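Me: I'm new to reading protein models. Could you walk me through one, feature by feature?

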There are 2 protein chains.
Amino acid sequence: MTEKTIFAELDPMFHPGSLAVIGASGKPGKIGRVLMDRLLETGFQKLYPVNPGESEILGIKAYRSILEIPDAVDMAIVLTPTDSALAAVTECAEKGVKTIVITTSGFGEAGEKGKAVQQEMVRVARAGGARVIGPNCVGIYCPASRLPYLLGAGTAPGSVGVVSQSGFFADYLTLTATGNGIRFSKAISCGNESDLTATDFLEYLGEDPETETIVAYLEGTADGRRFYHVAKEASRKKPIILWKGGLTETGARAAISHTGALAGSGRIWEGALRQAGIVTVASFEEALDCLYAFHLQPLPRGKRIGIISGPGGAAVGTTDRCFQLGLEVPQFSQDTIEKLRKAMPPVGGSINNPIDLSLASMVSPRICKDALIIAAEDENIDMLLVISVVGGELLRDLMLEALAEMRDKKPFVVTVMAGRTQSVAQDLGLLLASGISAYPDASRAAKALARLSEYARIRESRPAVEGERIATKDTMRGANRLDVIETALKQGRTTLSEHESKEILRAYGIPVTREEEIFDERRLGESLARIGFPLVIKASGPSVSHKTEQGLVHTGIRNEHEAVTAFRSIMNRAEKEGLSVLVQEMVEGRRELVVGLTRDAQFGPCVMFGLGGIFTEVLQDIAFRVAPIERTDALEMLGEIKARKILEAFRGMPAAEIDRLADIVTKVSRIGIEQPAIKEIDINPVILSQRGPVAVDALIVLNR
Amino acid sequence: MTEKTIFAELDPMFHPGSLAVIGASGKPGKIGRVLMDRLLETGFQKLYPVNPGESEILGIKAYRSILEIPDAVDMAIVLTPTDSALAAVTECAEKGVKTIVITTSGFGEAGEKGKAVQQEMVRVARAGGARVIGPNCVGIYCPASRLPYLLGAGTAPGSVGVVSQSGFFADYLTLTATGNGIRFSKAISCGNESDLTATDFLEYLGEDPETETIVAYLEGTADGRRFYHVAKEASRKKPIILWKGGLTETGARAAISHTGALAGSGRIWEGALRQAGIVTVASFEEALDCLYAFHLQPLPRGKRIGIISGPGGAAVGTTDRCFQLGLEVPQFSQDTIEKLRKAMPPVGGSINNPIDLSLASMVSPRICKDALIIAAEDENIDMLLVISVVGGELLRDLMLEALAEMRDKKPFVVTVMAGRTQSVAQDLGLLLASGISAYPDASRAAKALARLSEYARIRESRPAVEGERIATKDTMRGANRLDVIETALKQGRTTLSEHESKEILRAYGIPVTREEEIFDERRLGESLARIGFPLVIKASGPSVSHKTEQGLVHTGIRNEHEAVTAFRSIMNRAEKEGLSVLVQEMVEGRRELVVGLTRDAQFGPCVMFGLGGIFTEVLQDIAFRVAPIERTDALEMLGEIKARKILEAFRGMPAAEIDRLADIVTKVSRIGIEQPAIKEIDINPVILSQRGPVAVDALIVLNR
C-alpha cells in the first residue's frame, strides 16, 4: 500500500452511507444495546439492526440476517458471540459490505484456534471485496459521519485523530477529551489487526487533511520498519503523541554481539520512536496532558520559559522542575522588568523570572494577566506558564483577554490552584473549552511545554520532504570486503576475526588501528618494525572472544623481547584452529566508546552508539537508531547518552571530534544497508585518541 | 531545644484560649476580612478584632489597640501593613500575648532593612515572653481549636500534620485534601522563621500523638544537620512526605577536592533526605498522591504488586510502569489462578497478573471486587492496584465490601477510568472520603504504592530507637595521624601529600597501597626491592594535583632502568618545593571507585561514594550521606549509584567485596566525626583488586 493510495482507499470507510449492527439488542446490559443507544444519540440515519430473534429494536425495524436488508450496506459492525462471527462475516461478504468491523473477541488473542478462525474471516471478507477492522476492537469513531464509540458519542467534528490497539484507550480518551471541549476527526480501535493495522491508519491520519494532531496507543507491530517510516513521515507534518505499551518486555533473544544483546528491553523501540519524531508518553494522563498543549498551542521558537506564579512556593518548585526538564528560565530583559515594575503593585515576591505575585494575585487577579502580556513580549521568552490562585469564569476571561492582546503569539499554559470557587476539574474544563491549555499541577504543565518545545526543535531540524533522505551518498572505497565475507561463509563461519572485521570497516572509511596479522614467529620482527613500539599483541581468530578476560591481550609491549614472550604465550596457550596473532599499534586514550549494528526482527538494521570498554553492558549507556541514519541522527545519538560529557574537554583531554565520531556511526549504518550478509557489528572500544576516534577492536557476525 | 521539651513548649500554641486579630477588617477584598470570615465560619469563641478605625467588625466588638482588650490574649495574628507591624508586636509583648503570628510580609525576604526590623520584632516579642511565627506566613491551622487558614476552614480534626515554608502550599494542601475527606491535626506555615522554624515544628509534629502522617514543604534551612536528625527520628515513627523546593540551585562553592565540588547541586540534600527516611516528592500533586496512600493504607510487606484492570491497554502500560518503578509483578499461585477461573466469567483478557477483565468488568462490575479479594489472598502479593471502568457509589460500595472482606490486610489503591456516570474528580472524592486511596491515572497510583513499599522497607531496616546509633565503635589503630596534621598546619599547609593522606587512612584501618616516599635517588634501589615489580612511580607532595594529567605518574615500571628514568623525569620536571617520589605497588583492577568526605555548610561532615577514576566528575554517579553513617547507610550508598552493577561479577571479574567496601565508606565517615581539622577527603581511585578494595590515590585537605 503506497502513500498515495492509502488515503483514497481508507477514507470512504469513515463515511459509510448505511450501517448494519449484527448482534444489535434492546436488552439493557448487552453490548448490542449500548451501541444502539449511542447510534440513536448521534442520529445515524441508514441504520439496520440485525438480530435473528427480533423484528424491531428500540423502535427501528430489525432484520434476521444482513442478507434480508433490502438496501446496500456500506459498513457492518459484528457484535455476535465468538462462535457465530465467521458466519456473520460470510454473510457480510455475500451482501457486498465494504467495511466489516468485528468487535467480538476470542480470536487471535485467545490462541491458535482463534487465530485460524480470524484468518478465515479475513480471507472470506477480502474475497468478497471487504476490508476488516478488528476483531477484538471498538472500531471507528467519526463524529462527522455520526459514527459513535461505546462510551463516547460526540457529534461535533474536530481535528484530533486517534489510532489505538486498545479499544478502551481510544474510547475513553475521546470521551474524556470531548468533555473538555476537544473535538475529533476520526478515532480507530484496530484490535487484533487481522487485516488493517495501526500503521495503516497512522498513515491515513498522517495524510488526512482533517487531522492536525494524532494520539496513538500501540503495544507492538508486525512490521516495525514500515511503522517507523510512516510515523517519521507523518510527524514531519503533525505531532504524534504515542503511548507505547510493553516497552519493558524482554524478548529472549539469542545474540552473539553485545550490540545484539543490548537491543532487547525496548531500547530499539525507544530509539526508533525518537528518530521518527514521535512524542512518547507513559500514561493515559500524560497523553491527555500533551494533547492539550500540542493541539491548542503554537510551536515555541526555543526552550526559554517565563513563569508567572501566584504562590511563591509553586514558583520555586516549578523552576526546579523546568531545569530538570531541560528548559531555561532566563532573566527578563531590563525593559520587561521596568514594565512589570510599573504595572504591578509592590508585591511581596519577585518581579523577575519566575514572577512571584504572592498574595497580590488573590486580591487583584488582573495583575496575573498583565504580567503574562508583559512577559510574553520579552524577546528572551519563548513560552509561558501561569499559575493562578483564582479560577472560574474570571480566570477564563482574563486568559482569553491575554490571548487576544498578545501581539507575538507564543504558547502559554495555565495551572489552576484555586480552591474555594468551584472544583479545579471544572476550572480546567472551562479553560480548555475556550482553547486555553490548562493543568491542575504546574509540574505537568511544565512537562507538556517541555515536550512541545522538544517537538518544535525536531520539526525544525527535519523539514517535511517527500521520501527519505539518505545521507551516505559517497561511493565505497576498497572492494575486498565481499571477499572476506564470502571466504568466511564458504568456510562455514559466521564470525569474522578482529582483523577481518576491521578490513570491512576500513573499506568503508572507518579509522581502524594499524595492525598486521601473523601466524609465524619468524614474521614477527618485520611486523614490529613496521608498527613501532609501544604496541599491542593480541590473539585473533574467528572463534576468539573476550580476549582480555582470557589473558589474550598484551598491551604496552616496549621491545622485541616482550613481543616474543607475548607471541609465544598466545600461541602456546590456545589450541584453537585458525588462531593468529595481531601486532597492533597502541592507541592511547582514556575514553572508550562503542558503535554497533544489529538486525532487529521488527526494525531491520539498527545502529548503536554508547559508552564503551568494560562498562558497555553494566552501564548500558547507549542509544539506538534505525538504519539508515542521517548526520543529525548520529549527532542526536552522541548527545543522548548520559555520559555525553566525556565527549567534551575535561581533565586535560581535548573535546572529541564530534564530526568524525558521527561519521563512524553513519558509516556503520550504511554497512547495515549495503551488506545484508552482515548480521551484527560490535566496535568496542572506539578510543578517542590524539589522531581522532579509532576502532581498536571489532567483531562482525554474519547471517547463516 | 531538646526532644522532651519541644512538645510541651509548642503544644499550647495550637490551643489558644483567646485570639486577637490585629488588622481585622470588615471590608471585602481585605486580607483582614478574609481571615475574619474564616474565624466566623469555624466559630472561634474568644475573638478580639483590633483595628484603630473600627468599633465593630462583622458584628463583633473591635478594639483600637490590643492593649484595650480587657481579657488575657493567648495568641495575636498581625495583619497590619509592614510599617506598623513592629508597633503591633511591641503592644502584643506589652499585653503578655504568648504567641504572635505575623502574617505581614516585607521583612527578611525583602532585604537588609526588613531583616533588621524582623530581628527587632523577635527581640521585643521574646523579651515579653512571646514566641513568634512568621513573618510572611499564614500561621497555624488547628481544626480542633477552630483556628482556620485563609483558604481552608474545616473544623473536623484528623491526624495529618503539615509544616511549610510556603504559606500557600500549607493552605491549599489542607483545603484540597479536606475536600477529599482527609482531616488534619495541625498545619503550620512558618514563613521567614524569624523565631520558630520548620525544623522546630517538624520535631513537634514528630512527637505529637495526634499526628500520624506529616506533609512538608521546605526550601532551605539554617541548620541542615539538626533538620536531618529531627526528620530521621520522626520518620522512624511516622511518614514525612516532603517537597523540597530549590534543589537545583547551585551554590557557588569553592572546593579543592572533587568530593567538595560534587557536593553542590542539591546532591547532599538528596542524600540526607534519603538517609533520614523522608518520602520526597517533586510537585504539589505528587504530595497529595503520596498523602492519599500513606495516610489511608497499611504498609506493605514487600514490593510485589497485583494488578486488576478493566481496560487491557491500561493493564499493559501499568505493568510497564510498575517495572520501571522497581516493583515486581509476579505470577499468581496456582491456587489463586484456579479460584479466579471459577469466579470469573470467561473473559477476553488474562486471569494471571495483571488480570485483564476486559469488557466483562463493564457488564459485571462485581467481578472486579471478587478478583481483588482473591488476588489479595495470594501469598506472592504484597499490595494491589485496581483499575476500574465503573465509578460512582457502585465502585465505592464494592471497594468498601472488599476492604471489609479482606482477611489479610494489604494496601490497595484504585484508579478510576469511568467516564459516563459523573466526573472522575467526584468519583475520586467519593472513594477517598471512605478511606479508599484513589487516583485518576494508574501510573500515579503505581508510583504512590512504590513509594509506600520503599518507605516500608526503610522503616523495617531502621527500627525506632532513642538517639542515634553510631556503628563505628572500635578504637583507632595508630596514633601518628595527628602528627601529620599538626606538622602540615605548622608549616602553614592545608593540603596533605598523597603519602600523608594515606597515613591517616591507614591509621583508620583503610587498606592503602604499599608505598615508600623517597627524596633521594640513592634510596631508590632499596625501595624497589621492598615494593617489587611491576610498580608505580609517581610524584608526591602537598602541592601536586592532577598528577596523571601532568605526566607525573609512571605505571607498569618493570625494572630498575625504567624506575630510574621515571624518578629523574619527575624530579627534573617539577620545581615545586617539598616534591618527593612515591614508589608504590601496582594495584591491578579495572574497576575504579571514589570515596570522599566534605564538610557542608548546612549538614556538616558528609561522606560520598561513587564511580571513580577519570569519570567521577563527568558522570557524577555518586551518593552522599550525612556522617556518621551506619553500615546500612553505606550499603544503601553502594546500591544507589547507577553503575552499581560493576560491583557484581562480570566479564571475568569477581563480585566486589561489599563488606570491605562499605567498611571503607564507614571509616571515612568516622574520620569526618573524629578529625575536625580535616575539611575534605578524596580517595580516587579505590581500585577493586584481587586482594579487595584498595585506596590507590588520596588527597586530604585541612581546615585553615
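Predicted model: local features only at pLDDT ≥ 70, side-chain atom pairs only at ≥ 80, totals over all residues.

**Salt bridges, sheets and symmetry**

Reply: Let's start with one residue: A:Glu657 has 34% relative accessibility, so it counts as partly exposed. Its salt-bridge partner is A:Arg660, with 2.9 Å from N to O. A:Arg660 is partly exposed too, at a relative accessible area of 37%.

Me: What's the general idea behind such a pair?

Reply: Side chains of opposite charge can pair when their charged atoms come close. Over all chains, the structure holds 105 salt bridges. Some join up: A:Arg274, A:Glu454, A:Arg457, A:Arg625, A:Glu636 and A:Glu640 form a linked network.

Me: And how do I read a salt bridge inside a helix?

Reply: An α-helix has 3.6 residues a turn, so residues three or four places apart point the same way. Now take A:Asp37 and A:Arg33, whose side chains meet in a salt bridge at 2.9 Å, N to O. They sit four residues apart in helix 2 of chain A, so about one helical turn separates them. A:Asp37 is partly exposed, with a relative accessible area of 25%.

Me: Which chains does the salt bridge of B:Glu562 and A:Arg558 join?

Reply: Those two side chains meet at 3.5 Å, N to O. B:Glu562 lies in helix 21 of chain B, while A:Arg558 is in the loop between strand 21 and helix 21 of chain A, so the pair joins two chains. B:Glu562 is buried at 15% relative accessible area, whereas A:Arg558, at 36%, counts as partly exposed.

Me: How many salt bridges cross the interface of chain A and chain B?

Reply: Four are found there. Another salt bridge to look up is that of B:Arg444 and A:Glu285, at 2.6 Å from N to O. As for the contact itself, 72 residues come from chain A and 71 residues from chain B. The area buried between the chains is about 5,800 Å², and carbon and sulfur atoms give 61% of that.

Me: How do I describe the way the two chains are arranged?

Reply: Two copies of a chain are related by a rotation about an axis and a shift along it.

Me: Now sheets, please. What should I look for?

Reply: Strands of a sheet pair through backbone hydrogen bonds, either parallel or antiparallel. In chain B, find the open sheet of four strands, ordered 19-22-20-21, with antiparallel pairing. Strands 19 and 21 stand at the edges with a single partner strand each, so one side of each has no neighbour in the sheet. From one strand to the next, the twist averages 20 degrees. Helix 21 of chain B packs on this sheet and touches strands 19, 20, 21 and 22.

Me: Last one: which residues of helix 6 of chain A are buried?

Reply: They include A:Phe201, A:Leu202 and A:Tyr204.

Terms used. Residues numbered from 1 in each chain as written. Chains lettered and ligands numbered in written order. Heavy atoms only, no water. Pairing = 2+ DSSP bridges. Axes fitted to C-alpha atoms, helices over the stretch in contact; angles between N-to-C directions. Contact = heavy atoms within 4.5 Å. Buried < 20%, exposed > 50% of the residue type's maximum accessible area, 1.4 Å probe, protein only. Buried area = accessible area lost by both parts, 1.4 Å probe.
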